[in-house]
Amino acid sequence: MRKFIHLTLLIGVIAACSLQALAINPSDTLRILAIGNSFSEDAVEQYLYELAEAAGKPIVIGNMYIGGAPLSLHWENARGDKAAYRYRKIDAHGKITIPGEVSIRTALLDEPWDYVSLQQASPLSGQFDTYIQPINALHHYIDSVTSGTVKYIWHQTWAYAPTSTHEGFAAYQKDQQTMYRAIAEASSKAKDLIPFDLLVPSGTAIQNARTSFLGDDLTRDGYHLDLHIGRFIAACAWFESLFGQQAPVASYRPEQVSVAQAEVAREAAHAAVVQPFAVTAMADTVVLK
């Protein structure tokens, strides 16, 4: 009798483990690889997985990181098959892996990615001429490695804080509005270079939120996003762009983000998805609670 009970319990444990493994259907999982820098790290490595989990949306997130890397460097690394990237991946169960340095080719072949995201380095993000050659070259390269199976995302990054001391700010007269308008214009033209399937308007979402009680900074050092609300706004923009529904901030928000701040994040991201190349003022639509 005791053996029968033990066997029954063992079968139950095996069955439970099997059900857990089957809970995430690989065919339902969205897989995104960002080829970027610290701005893609700010946008996709924190909070996007948690928002997707809260909404019941299985997701795998990869980020190819070199600090400050422009598109031209990504193309140079791809062409030379250089293992130059810190590759961080969050799997469908939320497990984070960070292999050693890898090449773009290695990362492209690591998963059956649905989307590959490209972005320009922040100082060049408002200079459309810097997009042209490397975007086209990367598009041909990525298609050759993946047999043309992936779709493309253009990640629109954000303007600097008004008091930023970043040397690249000088190209925009050290003016946040000038930089934002240049980024918006350049990103609106990106679709003319290759067939981008999605635009993720993180830059406009951040600029929208800057019109609210949150203030016009939202960075931690003048250009990288604030670790909590800044990154959460970008994650909300990514979530809605990918899944076509507003971020579930009532179900998930970082501990350091208040209910009122989370509501700004959701509304700023939604307005950016609706109108990605112009600012929507939040001051009259979101009330501090």
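Helices and strands here are DSSP runs, a helix having at least four residues and a strand at least two, and both are numbered from the N terminus. With that in hand, open the model, which is a predicted one, and select serine 147, found in the loop between helix H6 (132-146) and strand E6 (151-155). The phi of serine 147 is near 60°, a positive value in a residue other than glycine, and with a relative accessible area of 63% this serine is exposed, because exposed means over 50%. Most residues other than glycine have a negative phi.

Select aspartate 81 next, in the loop that runs between helix H4 (71-79) and strand E3 (86-90). Its phi is near 50° and is again a positive value in a residue that is not glycine, while its relative accessibility of 41% makes aspartate 81 partly exposed.

Now go to helix H8 (residues 202-209) and pick out serine 202. Serine 202 has a relative accessible area of 0% and is therefore buried, the limit being under 20%. If neighbours within four places in sequence are left aside, the contacts to display around serine 202 are His155, Gln156, Trp158, Ala234, Ala237 and Trp238.

The last stop is the largest pocket, which holds about 150 Å³ of space. To show its lining, select Asn37, Ser38, Phe39, Gly68, Pro70, Ala121, Ser122, Pro123, Leu124, His166, Tyr223 and His224.

Conventions:
Residues are numbered from 1 along each chain as its sequence is written. This is a predicted model: local features need pLDDT of at least 70, side-chain atom pairs count only at pLDDT 80 or more; totals for chains, interfaces and linings use all residues. Side-chain values use heavy atoms; hydrogens and water are left out. On a 1 Å grid over the protein atoms alone, a cavity is a set of points where a 1.4 Å probe fits but cannot get out, and a pocket is an open set with protein on both sides within 12 Å along at least five of seven lines; lining residues have an atom within 4 Å of a point. Grid points are joined across faces, edges and corners, and a volume is the space filled by probe spheres set on the points. Buried means under 20% relative accessible area, exposed over 50%, partly exposed in between (1.4 Å probe, protein chains only). Contact means heavy atoms within 4.5 Å.
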